[in-house]
Amino acid sequence: MNDVARRAGVTKQTVSNVVRGRDVVSPETRARVEAAIAELGYRPNLVARGLATGTTMIVGFIVPTVAHPFYSVVVEEVESVLEEHGYHLLLATTRGEGERARRQLAAVSSRSVDAVLVAGDRDLGEHVSQLEKLGVPVALCAWETNPPGTLPVVTVDYERVGHLAGRHLRDLGHRRAAVIAQLPSHQFRVAGLRRAFAEGGVDVPEGGLYTVSEPTAEAGYDAALTMLAARDRPTCVFASTDAIALGVLEALRHQGLRVPDDISVVGVDDIPQAAYAHPPLTTIALPKRRIAREATELLLRSIRGGIQPPADVSLLSPELVVRTSSGPPSAS
């Protein structure tokens, strides 16, 4: 670091500020320091810096999976925000296994991270008490069940997700709706849909609710076949994820049904495949990057202040994206 400082004609503290991503350095000075770093091949000794400052510049992040498009986008955005501030990401996945979730939480917390971010409540909800005892700032994001009252949460208004979908279908004139959802994980989405239809005087009966154990296209396909075997065929289907909805579209196509002429379909998330489905899928877009950015910046502010962020719940708004998989019910 001394060599870099001499080459750039600045102080050692200025080099440190550049390396750590602090915005107290002018663009011209930053460029000069970065050029010196490149010329000298300087790489910070993270262990030594951690011993000197009492920080590691590492944030642990626990997610259910990186295979799902939702979480892959969240991970990318968290990593980008951390890089902007000179921090590094330590990533762990639970893979839908409660015991693995417990082990990963223990592993992340044992690596002297400066903070921990947890996405998704399916596997770690029962370990909240362990999260509270980590001794570093902790925040939750994309939490769908009732969040704990002691940790901050940045998530989506999932009841509004279902309400947007239900209001869209109701306003199109649909009165016979079916729901294919992962329950109880997506119960708020379903509750929102039911509320929207109830506001129009329409009931979504229990018989029109089909539960899947995993939010996959395969599960959606099988559930759609079961739905179509029922006596009263619905005019529209709400799927609690886009992946489920893509399976529904495939099942309808194989059964010779037209979308949206025979049945309308609406999903949730707005994954990249949704726009290229046949037909393109109407969906409720979740603000994935905003969730990730707000949760990460919350943690970074807490690290700098040396405090645990306050127990607050920030609900971000979803957005209806209308494509051609939804339309008015046919006259027949």
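**Note on the predicted model: sheet, helices and salt bridges**

1. Sheet layout. Six strands form an open sheet in the order S2-S1-S3-S4-S5-S11, and the pairing is parallel. The edges are strand S2 (88-93) and strand S11 (313-316). Each has a single partner strand, so one side of each is left without a neighbour in the sheet. On average, neighbouring strands are turned by 20° against each other, direction ignored. This is a predicted model.

2. Helix on the sheet. Helix H12 (residues 288-305) packs on the sheet. It touches strand S1 (58-63), strand S3 (115-119), S4, S5 and S11. The direction of H12 makes about 160° with that of S3.

3. Pairing around S3. Strands of a sheet pair through backbone hydrogen bonds, either parallel or antiparallel. Here S1 and S3 run parallel and are joined by 4 bridges. Isoleucine 62 stands opposite valine 118 in S3. S3 also pairs with S4 in the parallel sense, over 4 bridges. On that side, valine 118 stands opposite leucine 140 in S4.

4. Next pair along. Strand S4 (residues 138-141) and strand S5 (residues 153-156) run parallel, joined by 2 bridges. Cysteine 141 stands opposite valine 154 in S5.

5. Burial of S3. How many residues of S3 are buried? The count is 5 of the 5, so S3 is largely enclosed by the rest of the structure. In a regular strand the side chains alternate between the two faces of the sheet. Both faces of S3 are covered. Ala115, Leu117 and Ala119 are buried on one side, Val116 and Val118 on the other.

6. Alanine 101. This residue sits in helix H6 (residues 98-109). Its relative accessible area is 0%, so alanine 101 counts as buried. The C-alpha atom of alanine 101 lies 8.3 Å from that of isoleucine 62. The two residues are 39 apart along the chain.

7. Helix H8. Helix H8 (residues 158-172) has 15 residues. From first C-alpha to last it reaches 22 Å, close to the 21 Å expected at 1.5 Å a residue. Its buried residues are Tyr158, Val161, Gly162, His163, Leu164, Ala165, Gly166, His168, Leu169 and Arg170. Just after H8, glycine 173 takes a positive phi of about 110°.

8. Link from H8 to H9. The side chains of glutamate 159 and arginine 195 form a salt bridge, 2.7 Å from N to O. Glutamate 159 lies in helix H8 and arginine 195 in helix H9 (residues 187-199), so the pair ties together parts that are 36 residues apart in sequence. Glutamate 159 is partly exposed, at a relative accessible area of 23%. Arginine 195 is also partly exposed, with 35% relative accessibility.

9. An α-helix has 3.6 residues a turn, so residues three or four places apart point the same way. Arginine 195 and glutamate 199 are 4 residues apart in helix H9, so about one helical turn separates them. Glutamate 199 has 47% relative accessibility and counts as partly exposed.

10. A buried salt bridge. Lysine 288 and aspartate 269 join their side chains at 3.1 Å, N to O. Lysine 288 lies in helix H12 and aspartate 269 in strand S9 (residues 264-269), so this pair ties together parts that are 19 residues apart in sequence. Are lysine 288 and aspartate 269 buried or exposed? Both are buried.

11. One network of salt bridges links Glu76, Glu77, Glu84, Arg289, Arg293 and Glu297.

12. A residue to check: arginine 30. It belongs to helix H3 (residues 27-40). Arginine 30 is buried yet has no salt bridge. Which side chain of opposite charge is nearest to arginine 30? That is glutamate 34, 4.5 Å away. A salt bridge needs nitrogen and oxygen within 4 Å. Leaving aside neighbours within four places in sequence, arginine 30 is in contact with Val18, Arg22, Asp23 and Val25.

Key:
Residues are numbered from 1 along each chain as its sequence is written. This is a predicted model: local features need pLDDT of at least 70, side-chain atom pairs count only at pLDDT 80 or more; totals for chains, interfaces and linings use all residues. Side-chain values use heavy atoms; hydrogens and water are left out. Buried means under 20% relative accessible area, exposed over 50%, partly exposed in between (1.4 Å probe, protein chains only). Two strands pair if DSSP finds at least two bridges between them. Axes are lines fitted to C-alpha atoms, for helices over the stretch in contact, and angles run from 0 to 180 degrees between N-to-C directions. Contact means heavy atoms within 4.5 Å. The expected span of a helix is 1.5 Å times one less than its number of residues. Lys and Arg count as positive and Asp and Glu as negative; His and the chain ends are not counted.
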